[in-house]
Amino acid sequence: MKKTTRSCRLLFFAIATLAGSLATSSTTIAATDPLDWSNWRGPELNGVSRETGLVDDIDLDEGSEMIEWKRDDLGGRSTPIVMNGKLYTIVRAEPDTDREGEKVVCVDAVTGKTIWENRFNVWLSDVPAERVGWSSVVGDPDTGYVYALGVCGFFQCLNGETGERIWSLPLHEQFGLLSTYGGRTNFPIICDDLVIISAIIIGWGDMAKPAHRFIGFDKKTGEVVWYNGTSLLPDDTTYSSPALAVLNGQKAMVFGSGDGQVWAFQPRTGQPIWRYDFSLRGLNVSPVIVGETVYMGHSEENIGGSTAMGAVAAINGASQGDISKSGELWKVEELMIGKSSPLVIGDYLYCFDDRAKLHVLDAKTGEPIGRPISLGGTSLRACPLYADGKIYAFSTSAWAILQPDEKKGATILKRGRLANGEEVNASPICSHGRIYLQTSSATYSLRDRSKEQGADPLPDPVAEASVSEDQQPAHLQLVPAELLTKPGAEQKYRVRLYNSHGQFLKESPATFALNGPGTIGEDGVFRAAADAPHTATIITATVGDLTGRARVRVIPDLPWKFDFEGLSDLPVTWVGARYRHVIRK
């Protein structure tokens, strides 16, 4: 029986590798490789790999037999991804020169040789060099595209084979993305035909007040499909990477927000499902979802008058509305889980605190298992990786390989320290028998050539409720939801109807109305006046009892001239102006 199991694993590994080598089209990938790591949190968005035969030790010294390749020019803090035989990451470009910028780099995942680079500028003066490449790219197996957010909010879709820019948007300038604390930016995520990104955004018009806002873009064109946010005036920016799951029959995007709450949105519509009030400040940990339970941590002030800092909570994800009290399954305070996302292994929750200590909790009750375990080092920012029955964890200056233990929670198999001056801020990943790690000094590919690599199959995805069970329209989506256009331009609008679970039903004719300049016909074509100055218009579409809206700014070509005489407010089209500025004589 053991032989049969081992043979099945090796056959699965071989098929997966072959699938990756056959996936050569730049727009349509023939097969998704189950061993690819196309999101920085892995194929299941939880830091878990099903691979076997991985390294049992970490040796980054020169000449180490486990180093398959090393790139000294690719040091940084961005967690890499692997897709279709290629590794992608974001690093500094031309560091320590007057031309320094940022770049997405694609290398051969087996050899480490550069395939292409896509370079772009860093134009914000408050971004320190050490925080360039804060975000991580995400890969889309359906198209082969790669999406990257730079520290200045430059968001782009790249051809994964060639590095060619398919589309790009300056989110800082066009939407008002705020990159505070020197470059902290969020992580894109793919859902169906959308790529979704978020930030604290100080927009224009009725969105001029800051909020943690999400934008769902058509992943092929960059068109804004939906645009929505959480509470106004949050205390913090945030880099809590969203997780996707099916909760109570509907697909949900769960994330920690800058307002201190955990939220679940419908990822196709941007409509909120539930929220859980967790902290007085922003949340940065990425949630981990098992079944319909959401696990989340923070290291900020707790709510409710508690003087304790930090907490871990289990939340009932099969909920609706404000679940701050009703949805809490358990909460343990005074655990500073504010930077590294937890792991769920079996019945235990593995939480790594900001001081590089591991706390193991019973996943159902929150009760501690064993004593806290020190990993070495004084701080921890990377998320752990669970693969091959082992937990790979890195503090900024040390590492540990642990094994889950039913009685103690975990035991340390190996641990050591990094070379002096070398730090780990990125998370380790696993793909095709290799551990990939980016440190501040280099990117490494680690492999044990003496072992036979294999993999267990990925679990079957949880099925959504059938769309046939709910054919009643509950939400009207007007696309594009946000538009920046020129005088005389035309734009065709589409009206899309969704059911209560956020599932697409159909496109529909609608009745249109405008609040602002321009015209729109029954065909849904908006036309800006040929001589339009800087103007803003709200388009409303109605189908039965449902309404949806879209926002349009018409901006003429340069040069621009503004006269404030007779104005009671700043121009509505200016990003952030009506919140941050006033007119004075």
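Patches here are built from residues with over 30% relative accessible area and no salt bridge, with nonpolar side chains joined within 5 Å. The close-ups below all come from a predicted model.

**View 1. A nonpolar patch made by Leu232, Leu233 and Tyr579.** These three side chains give a nonpolar surface patch of about 290 Å². Leu233 sits in the loop between β15 and β16 (243-247). Its relative accessibility is 45%, so Leu233 counts as partly exposed.

**View 2. Strand β14, buried along its run.** Here we look at β14, residues 211-218, where 8 of 8 residues are buried. Pick either face and you find cover: one side carries Ala211, Arg213, Ile215 and Phe217, and the other carries His212, Phe214, Gly216 and Asp218, all of them buried.

**View 3. β14 beside β13.** Strand β13 (residues 194-201) runs antiparallel to β14, and 8 bridges join the two.

**View 4. β14 beside β15, and the hairpin between them.** On to strand β15 (residues 224-232), which pairs with β14 over 6 bridges, again in the antiparallel sense. Arg213 makes a handy landmark, with Gly229 as its bridge partner in β15. The hairpin of β14 and β15 has 5 residues between the strands, and there Gly222 takes a positive phi near 85°.

Note on methods
Residues numbered from 1 in each chain as written. Predicted model: local features only at pLDDT ≥ 70, side-chain atom pairs only at ≥ 80, totals over all residues. Heavy atoms only, no water. Buried < 20%, exposed > 50% of the residue type's maximum accessible area, 1.4 Å probe, protein only. Helix = DSSP H or I, 4+ residues; strand = E, 2+ residues; numbered from the N terminus. Pairing = 2+ DSSP bridges. Patch = residues over 30% accessible without salt bridge, like charges linked within 9 Å, V, L, I, M, F, W, Y side chains within 5 Å. Areas by Shrake-Rupley, 256 points an atom, 1.4 Å probe, with all protein chains shown as cover. Salt bridge = Lys/Arg side-chain N within 4 Å of Asp/Glu carboxyl O.
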